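Take a moment to turn the model around on your screen before reading on. We will walk through it together, one stop at a time.

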Amino acid sequence: MKRVTVNVNQVGIVVKHNLAVRVLTQGKYWLGFGEKLECYDLSKPFHTVHDIDVLLQIDGFAAVVEVVDIADDELALVFVNNNFNKVLAAGRHVFWKGLQSYRIQIENISDIAISDTVSRQLLEKQTLAYYVRQYKVEACEKGVLFVDGVFVKLLEAGTYYWWKNARSIAVSKVDVRVTTLEITGQEILTKDKAQLRINFSVQYWVNSIERALVENKDFEKQLYSSMQLVLRRYIGQMTLDELMENKVEISKYVIEATADEADGLGVRLLTGGLKDIILPGDVREIMNQVLIAEKRAQANIIMRREETASTRSLLNTAKLMEENTMLFKLKEMEYVEKIAEKINSISVSGNGQIVDQLKQLFVK
């Protein structure tokens, strides 16, 4: 015989010939021949080498433990003293009773939806994050949810959580802000066989998420292709001179011609325009020469016009002086004054005829 003590925070299992025979709670006990005591701390997780189904057959064992059976499509949230502790997957789990307060919350995960009984704060816990799928839709985005390849619903901005299970989930997102689409480096032949490189820009925004992401694949690529084809078709019907004269009309035509197709893609076109028209080197040189020749011709015309106006003015002045002797004398004095301004001194030599000649100039 052997005397043993089981403390207040312990549970004892008496083992004889490697078989559990009885359960001991707090107190002092005598062990018989061949018996030994295994003590378990109630504050520690349940762990034993004995089969749990065998232990449950022993009188008193079911009173000191709590057994939780979790199905394959379930998981359990374990709260110890009302604080979240861990997550339990499918299987049988055993907890000691008495020392700590356990609360087991079982959740069905056969569907992707997470019930409101699970706090969102818990979904951010590392221990629970393994069982949860998280998707975030930014403030400038909208999304669509596909479950097992089937469209389910539209998603507004926010963070979404779903259970991990056998069902597949996919979230497609699109930016709903005004976006610019650049159609660059388009090599196009005009009607008169001039090869150009065109850069075109258009602004748009997605006004139907369902059409853009559900009914169409790669709507941006389709929009790019549509505008590219319209641009090529329109410019291909124009000569180089017509193109240079109607650059504004090109933008208007491309926007109007692709508006209906863009609407089918869930997109609304706002504005657009030609950014660059890049000519080949030889064509650019010829056009520069034409421009220089035109400007020179314009300059010559202006010079001839000014010369004609000047000659006409001189002719009118001459006619006035011919008709008015006093005006002629005033003009002479004006020129003499201008000459005198540039002369510092005058030396006069000769007979009295010079004075008479000067009098004839200034005296009527």
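Which helix is the place of Ala 259? If you follow the chain to residues 247-264, you are looking at helix H8, and Ala 259 is found there. Please keep in mind during the whole tour that this is a predicted model. Ala 259 has a relative accessible area of 32%, and because buried means under 20% and exposed means over 50%, with partly exposed in between, Ala 259 counts as partly exposed. Now look from Ala 259 to Glu 245: these two residues are 14 positions apart in sequence, and their C-alpha atoms are 24 Å apart in space.

Let us step back and look at the whole chain. The chain holds eleven helices and 18 strands. How does its radius of gyration compare with that of a compact globule of 364 residues? Such a globule would have a value near 21 Å, while this chain has 51 Å. The box filled by its C-alpha atoms, taken along the principal axes, is roughly 175 × 60 × 35 Å. Of the 364 residues in the chain, 30% count as buried. The accessible surface comes to about 23900 Å², and carbon and sulfur atoms make up 51% of that surface. The chain also carries 46 positive and 48 negative charges, and the mean positions of the two groups are 5 Å apart.

Among contacts in the chain with a separation of 6 or more, 63% are made by residues 24 or more positions apart. Ser 208 gives you a pair of positions to look at: Ser 208 and Val 267 are 59 residues apart in sequence, yet their C-alpha atoms are 6.8 Å apart. You will find Ser 208 in the loop between strand E17 (195-206) and helix H5 (209-215). Is Ser 208 buried or exposed? Ser 208 counts as buried because its relative accessibility is 13%.

Next, find the loop between strand E2 (10-16) and strand E3 (19-24), where His 17 lies. His 17 is not a glycine, but its phi is positive, at about 55 degrees. His 17 counts as exposed because its relative accessibility is 65%. Asn 81 also has a positive phi of about 55 degrees without being a glycine. Asn 81 sits in the loop between strand E7 (74-80) and strand E8 (83-88). With a relative accessibility of 43%, Asn 81 counts as partly exposed.

Strand E8 is also the place of Leu 88. Leu 88 has a relative accessible area of 5%, so it is buried. Which residues does Leu 88 touch, leaving out those up to four places away in sequence? They are Ile 70, Leu 75, Ala 76, Val 78, His 93 and Phe 95. Leu 88 and Gln 105 are 17 residues apart in sequence, with 9.9 Å between their C-alpha atoms.

Now visit Glu 35 in strand E5 (residues 35-41). Glu 35 counts as buried because its relative accessibility is 19%, and the cut-off for buried is under 20%. A polar atom of the Glu 35 side chain lies 2.7 Å from the backbone nitrogen of Gly 32. Not counting residues up to four places away in sequence, Glu 35 touches Val 14, Val 15, Lys 16, Val 21 and Arg 22.

For the last stop, look at another glutamate, Glu 141, in strand E12 (residues 141-147). Glu 141 has a relative accessibility of 18%, so it counts as buried. Leaving out residues up to four places away in sequence, Glu 141 touches Lys 136, Ala 157, Lys 173, Val 174, Asp 175 and Val 176. Ala 139 lies in the loop between strand E11 (132-137) and E12. Is Ala 139 buried or exposed? Ala 139 counts as exposed because its relative accessibility is 77%. Ala 139 and Val 176 are 37 residues apart in sequence, and their C-alpha atoms are 9.3 Å apart in space.

Definitions and conventions:
Residues numbered from 1 in each chain as written. Predicted model: local features only at pLDDT ≥ 70, side-chain atom pairs only at ≥ 80, totals over all residues. Heavy atoms only, no water. Helix = DSSP H or I, 4+ residues; strand = E, 2+ residues; numbered from the N terminus. Rg over C-alpha atoms; globule rule 2.2 N^0.38 Å. Buried < 20%, exposed > 50% of the residue type's maximum accessible area, 1.4 Å probe, protein only. Contact = heavy atoms within 4.5 Å. Areas by Shrake-Rupley, 256 points an atom, 1.4 Å probe, with all protein chains shown as cover. Lys, Arg positive; Asp, Glu negative; His and termini not counted. Charge placed at Lys NZ, Arg CZ, Asp CG, Glu CD. Polar contact = N/O pair within 3.5 Å; in protein donor to acceptor, adjacent residues only side chain to side chain.
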